[in-house]
Amino acid sequence: MSKYASVLRLSFKMQLVWRFDVLMTMLGAACRILAAYLLWSAAFQTREQVAGFTLPGMLSYYVVSSLLASIDKSSDVSGEVSNLIQTGRFSGHMVVPLNPLGFFGSMVFGQSMFHALFALLAALAMSLLLGIALPAFAGGAQLVMAIGMAVLGLVFMICFQYLLGILAFKFVSVLGLRFVAGHLTQFLTGAMVPLLLLPAPVLTALRALPFYYVNYLPSMLLTGHSAPGAPMGLLILAVWTLLAAAVCQLSYQRLRVRHEGVGV
């Protein structure tokens with residue numbers, strides 16, 4: 001465990017060098033909030049509520065949602081892993097006494113911890129600039145569940161992206177698959193629009209999937225909305241995360257034999 005903690009600390013420190021990445025994190029969070037402000041301000045001109053959201057409630061949701069989306073750096077895993085496999089450099093991760101999934105997961109956590117501060121600063125700055133009032137938390141239990149979901153959701157997304165990356169053992173390119181998966185997960189996690197706007201049958205089906213609990217439900221909890229099914233959601237996400245980790249390990253063991261260490 002200490003080896004993975006060392007990777008996490010090193011990844012955290014390395015972010016001090018990549019100042020452009022920090023700027024892009026802050027800019028990404030700010031742009032999401034600004035786009036939501038312009039879009040929903042126009043939509044609420046003719047109505048007071050949309051799917052139970054008032055304009056301040058909708059904007060506060062996007063502030064928190066953009067913050068969680070900016071912190072999640074798991075998408076880097078699939079690109080890094082597939083590139084290493086295609087260039088033959090993944091061999092180094094097959095000989096060191098570190099599980100590749102644990103290594104890349106630790107790296108992502110180090111990056112996410114560092115970027116969390118700057119994403120938060122960007123979200124608070126845009127809230128002040130646009131006059132978005134963030135509601136108080138409904139209670140300590142909601143805060144604990146929201147943080148638990150956010151952390152478990154990051155672990156699940158790391159596993160998901162890692163699985164996409166190791167498919168490069170089998171396919172010449174996974175770029176198209178990563179592109180489609182990236183946009184699909186942005187929608188399914190509620191980072192694009194609140195999932196409450198979807199039809200009830202679709203929303204019910206999404207509650208059985210892990211993506212519902214990665215961004216949408218934590219954002220709802222953190223903005224003071226009630227979520228009676230949150231404890232069960234935490235359990236569902238935990239089961240999906242364990243399943244995803246197991247699938248990653250099994251897939252890696254089966255696909256790694258295809259690697260010749262010379263690239264594609």
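This is a predicted model: local features need pLDDT of at least 70, side-chain atom pairs count only at pLDDT 80 or more; totals for chains, interfaces and linings use all residues.
**Helices and cores: a chat**

Q: Where is the place of Met113?
A: Met113 sits in helix α6. Helices are DSSP runs of H or I with at least four residues, numbered from the N terminus.

Q: Okay. Does Met113 count as buried, exposed or partly exposed?
A: Met113 counts as partly exposed because its relative accessibility is 46%. Buried means under 20% relative accessible area, exposed means over 50%, and partly exposed is in between (1.4 Å probe, protein chains only).

Q: What is Met113 in contact with, leaving aside neighbours within four places in sequence?
A: Leaving those aside, Met113 is in contact with Leu8 and Phe12. Contact means heavy atoms within 4.5 Å.

Q: At what angle do α1 and α6 pack?
A: Helix α1 (residues 2-14) and helix α6 (residues 100-130) pack at about 40°. Their axes are 7 Å apart. Axes are lines fitted to C-alpha atoms, for helices over the stretch in contact, and angles run from 0 to 180 degrees between N-to-C directions.

Q: What does that make α1 and α6 to each other?
A: They are therefore oblique to each other. Under 35 degrees counts as roughly parallel, over 145 as roughly antiparallel, 65 to 115 as roughly perpendicular, and the rest as oblique.

Q: Which residues make the contact?
A: From α1, Tyr4, Val7, Leu8, Ser11 and Phe12 take part. From α6, the residues include Gly102, Phe103, Met107, Met113 and Phe114.

Q: How do the residues of the contact of α1 with α6 divide?
A: Nine are nonpolar, five polar and none charged. Ala, Val, Leu, Ile, Met, Phe, Trp, Tyr, Cys and Pro count as nonpolar, Asp, Glu, Lys and Arg as charged, and the others, Gly among them, as polar.

Q: New topic. How do α6 and α7 cross?
A: Their axes come within 10 Å and cross at roughly 130°. α6 and α7 are therefore oblique to each other.

Q: And α7 with α8?
A: Helix α7 (residues 140-166) and helix α8 (residues 175-188) pack at about 160°, with axes 10 Å apart. That makes α7 roughly antiparallel to α8.

Q: Which residues meet there, in α7 and α8?
A: Met157, Phe160 and Leu164 in α7 meet Leu177, Ala181 and Thr185 in α8. By class, five are nonpolar, one is polar and none is charged.

Q: Is Leu164 buried or exposed?
A: Leu164 counts as buried because its relative accessibility is 8%.

Q: Last topic. Which residues touch the most other members of the largest nonpolar core?
A: Val81, Phe90, Phe104, Tyr162, Tyr212, Leu217 and Leu221 do, out of 54 residues in that core. A nonpolar core is a set of buried Ala, Val, Leu, Ile, Met, Phe, Trp, Tyr and Cys residues joined through side-chain atoms within 4.5 Å.

Q: Which helix gives the most to this core?
A: α7 does, with ten residues. Apart from this core lies another, of eight residues, among them Ala30, Leu59, Ala123 and Met126.

Definitions and conventions:
Residues are numbered from 1 along each chain as its sequence is written. Side-chain values use heavy atoms; hydrogens and water are left out. Helices (H or I, at least four residues) and strands (E, at least two) are DSSP runs, numbered from the N terminus.
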